[in-house]
Amino acid sequence: MADLNYQKPNGFSPDQQGVDSSWMLHAVALAKKGWGRAAPNPMVGAVLVRNSQWISEGYHNGVGSSHAEKVALKGLEGALRGTTAYVTLEPCSHKGRTGPCAQALVDAGVSRVVIGTLDPNPLVAGKGIDLLKNAGVEVSLGVEEETCLDLIRPFAWRMKTGRPWVHAKWAMSADGKIASISGDSRWISGVESRAWVHRLRGGMDAIVVGSGTVLADDPMLNPRPWGNRTPVRILLDRKGRTPSSCNLAQSVLEGQVILITNPKAPKHWKQGWRSKGVEVVEAEDGLNVLVEIAQSRGWTEILIEGGGGILGSAFAVGLVNEVHLFVAPKILGGLAAPGPVGDPGITKMLYARMLRLMEGQICGPDIRLRYLVEP
Ligand SMILES: NC(=O)c1ccc[n+]([C@@H]2O[C@H](COP(=O)([O-])OP(=O)(O)OC[C@H]3O[C@@H](n4cnc5c(N)ncnc54)[C@H](OP(=O)(O)O)[C@@H]3O)[C@@H](O)[C@H]2O)c1
């Protein structure tokens, strides 16, 4: 059993810790180049450094391509004595599709490996570090750990729970409305925020909306321009309110569409959607079946784009892991104008769902905020 109790590199001078941090942050930036491509694998970056000089680097670009360490090591095997490898995630020790990366680092002659965070994959979980240490390689764990953990949250969540990581996104006015009193929401946020959302869509396995949003906005829900992946677009409509003439049903050739509905919804209405090439799934509990679909298809990340009805349901059952919020400098008013999260069943402050702020950024005229939902 691996000893997971490794210490941060506090045996080094503050200077060395600063040096380790800055090379690790470079590896983090590399890892992010694999965003949207790496899944279902985690994003990983690696940098090789000797005598304070950059030697090589790599990142993981998705299933079937080399791991970050292997990309960085290419052509340098055996010539790396005295080299430090900075890797955002513990190098693997299992064979996988390629040989173990920890062994490759040993074989290449790397003297020290600085690791951001442990691999949550039970096949690895400390074994990569053991392999390195047993081969006499010096190992430091936990450099820029929070930042490195943030790279792999969806992957780690799926490893731990078997469930997809669920993002929620909404744009709201400064007074907390996602549409005007007449239901008009185009556009609350500015061009920059909308471009950001399109990039987010391009890294998702699936995008989900409720029937109210399709009736109000008739969205396409595809990333524009196309991103690294083509998300499956999913509509939840229990009662059969949404016409099969909507943009989602009309655009199945551009990407798969799934309708999740209730078995009691009208038969002819379901047939109308099927005739457009939409996959119709019937279930009493729409959100539960959404998770089952994600699990059976190996999806890692889902984005719920609203509206308030579906997000209220999703928060009520604790489905949401991460929130992307855009606050526009507008006041919409109207007591009956909708807010972003319908009714999650919270009656007292004590039961408020707690969020942890991870990022805040000016985005054109808006503010973009990224939160994790506290468990
Ligand atoms: N600003 C933004 O970012 C943003 C984003 C999206 C939408 N909007 C706005 O929000 C408004 C629409 O909000 P909304 O609350 O009416 O619509 P919604 O959340 O898109 O849809 C609500 C419907 O979703 C279905 N639903 C909810 N929970 C469900 C569950 N657990 N299982 C299965 N189905 C479930 C129900 O369909 P049934 O009725 O069939 O039961 C419910 O009526 C529009 O004005 C739109 O413009 C704004």
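This briefing walks through the cores, a helix pair and some backbone features of the structure above. The model is predicted: local features need pLDDT of at least 70, side-chain atom pairs count only at pLDDT 80 or more, and totals for chains, interfaces and linings use all residues. Residues are numbered from 1 along each chain as its sequence is written. Helices (H or I, at least four residues) and strands (E, at least two) are DSSP runs, numbered from the N terminus.

**Nonpolar cores**

- A nonpolar core is a set of buried Ala, Val, Leu, Ile, Met, Phe, Trp, Tyr and Cys residues joined through C-beta atoms within 7 Å.
- A residue is buried if 20 or more other C-beta atoms lie within 10 Å of its own, exposed if 12 or fewer, and partly exposed in between, with C-beta atoms placed from the backbone.
- The largest nonpolar core has 52 residues, and those touching the most other members are Ala206, Val208, Ile234, Ile302, Ile304 and Ala314.
- Strand 6 (residues 165-173) gives this core its largest share, 6 residues.
- Apart from this core lies another, of 43 residues, including Ala31, Ala46, Ala85 and Leu151.
- Not counting residues up to four places away in sequence, Ile234 touches Ala206, Ile207, Val208, Ile258, Ile260 and Leu290; two residues are in contact if their C-beta atoms, placed from the backbone, lie within 7 Å.

**Helix 12**

- In helix 12 (residues 308-316), the buried residues are Gly308, Ile310, Leu311, Ser313, Ala314 and Phe315.
- Their cover includes strand 6, strand 7 (206-210), strand 8 (232-236), helix 11 (286-296) and strand 11 (301-304).
- Gly318 follows helix 12 and has a positive phi, near 70°.

**Helices 3 and 4**

- Helix 3 (residues 101-108) and helix 4 (residues 127-134) have axes that come within 9 Å and cross at roughly 20°; axes are lines fitted to C-alpha atoms, for helices over the stretch in contact, and angles run from 0 to 180 degrees between N-to-C directions.
- Helix 3 and helix 4 are therefore roughly parallel to each other, a label for angles under 35 degrees.
- The contact is made by Ala102, Gln103, Leu105 and Val106 of helix 3 and by Gly128, Leu131 and Leu132 of helix 4.
- The residues of this contact divide into 5 nonpolar, 2 polar and no charged; Ala, Val, Leu, Ile, Met, Phe, Trp, Tyr, Cys and Pro count as nonpolar, Asp, Glu, Lys and Arg as charged, and the others, Gly among them, as polar.
- Lys127, Gly128, Ile129, Leu131 and Leu132 are buried in helix 4, and the buried residues of this helix pack against helix 3, strand 4 (112-117) and strand 5 (138-141).

**Backbone features in loops**

- Ala39 and Pro40 are joined by a cis peptide bond with omega about 10°, and Pro40 sits in the loop between helix 1 (14-31) and strand 1 (45-50).
- Another cis peptide bond joins Arg224 and Pro225, with omega about 0°; Pro225 is in the loop between helix 8 (211-217) and strand 8.
- Leu221 is found in the loop between helix 8 and strand 8, and has a positive phi of about 70° although it is not a glycine.
- Leu221 counts as buried because it has 25 C-beta neighbours inside 10 Å.
- Asn51, also not a glycine, has a positive phi of about 50° and is found in the loop between strand 1 and strand 2.
- Asn51 counts as exposed, with 8 C-beta neighbours inside 10 Å.

Conventions
Parallel < 35°, antiparallel > 145°, perpendicular 65-115°, else oblique.
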